[in-house]
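Me: Hello! I am new to this structure and would like to go through it with you. Could you show it to me?

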Amino acid sequence: MASNSSSYTIAGSIYANYIIQSIALIVIMQFSIELSTQLNTDLIGVGYVASGIGFGKIFLMFISGMLSDRFGRKPFIYIGMSCYGIFFIGMLFCHNIHIAFLLAIFIGAGNSFLDTGSMPALTECFPCSAGTASVLIKSFISIGTLILPFIVTFFHDANIWYGFAFIGFTIYLFINSLLLAPRKFPSKNTVICGNVGTSNYFIGKPNIWFEGVCLILMGFTTTATFIIILQWLPSIAEKGIGMDPIKSKQLISYYSTASIVSVFITAYVVKKILKPIYCIIILPIFSAAILLLFLFHLTPTMSLIVAIGMGLTAAGGVLQLTLVVMQQLFPDKKGFAVGTVYTLSGLSFVIIPLVVPKLAITNISYAILVDLAMALSSVVLGLIVYSRFRKVVDINKI
């Protein structure tokens, strides 16, 4: 069992890694001008390189989750950090678009290994505050996506070689690895105990093929709910309502700000007021209500309300709380939980961009309908999980 000071140090290193993870996921497109010149390609070619991230993430997430349950969390955190380092250093010397694509796969691999090592480790470090510890990941992800555009702008304006940024990211990872090295991680068999401090809360046996599958499917539906808004709200506002293109794009700024605020609200709520099992039902209900109102009131004011409302409800940590509930039900399969839930989450990043544009060409409102369907699916799946949760868990003890 890790000491309190060790747990906080481990958590600090994990959160610090998530800043780099979020940077790595968007760094190719942020430095697209420099990389397109280096690789002798255009924006489409850079997009091809970036698509390697998805392949690494989807194909490795499941297996790395199972291996994390078998061999522990620390090795996979280090493997994930190493994968990011390979990408950052490798890109400095890469001049072939296909090799760059292979290097981008290391970003996806790093994402998979880091998630399946870090997320279970956080719940094991803080078994009585698992929901809060998991949701806070979102805030550090937001920090990375917030600061990188400023870094890119600085390098552009100062005419500094982008490679120095990549070297800086690698040094950051190396220092973090040294801080993490002496720390002893808690047992991978640690049971999430809830806020009342007990781990003996089972009154029945959870069924991985029923409530487990429902939670895994929620990895897809909860992610799809915010992806559609993130990718399509500006187009809906511009083409469906007639908003000014600049103002429609600004809606995402409101959405992002609301999502950051929501992380801290949700973290407080699951710590002091509501258990994660209730939140994974209530938050999608609010999302569905907002989308239903939007469907019948396509106005600029409503677009702003949707941007803020969906940032608060859909992007504030529902996916992480879904994962916490699955880890509560299956404490000996926490890595498996991360691997399966996040594989379905990653799959939504592939399927939604393929499906929604074809529907939106016919009628822009169809994008809202699909989003509404995803939110309602999350509600139904959450209710099914809740009905089983009450039968196998003493909710008063968790």
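Me: What makes α9 largely enclosed by the rest of the structure?

Reply: Of its 34 residues, 24 are buried, so α9 is largely enclosed by the rest of the structure. Buried means under 20% relative accessible area, with a 1.4 Å probe and protein chains only. Please keep in mind that this is a predicted model, where local features need pLDDT of at least 70, side-chain atom pairs count only at pLDDT 80 or more, and totals for chains, interfaces and linings use all residues. Residues are numbered from 1 along each chain as its sequence is written, and side-chain values use heavy atoms, leaving out hydrogens and water.

Me: Where in helix α9 is there a kink?

Reply: Helix α9 covers residues 208-241 and has a kink of about 55° at Trp232, shortly before the proline Pro234. The bend is the angle between axes fitted to the seven residues ending at a residue and the seven starting there.

Me: And which residues sit at the start of α9, and what follows the helix?

Reply: At the start, a side-chain oxygen of Asn207 comes to within 2.9 Å of the backbone nitrogen of Trp209. After α9 comes Gly242, with a positive phi near 90°.

Me: How many helices and strands does the protein chain have?

Reply: The protein chain has 15 helices and zero strands. Helices are DSSP runs (H or I, at least four residues), as are strands (E, at least two), numbered from the N terminus.

How values were computed
Buried means under 20% relative accessible area, exposed over 50%, partly exposed in between (1.4 Å probe, protein chains only). A polar contact is a pair of N or O atoms within 3.5 Å; within protein, one must be able to donate a hydrogen and the other to accept it, and residues adjacent in sequence count only if both atoms are side-chain atoms.
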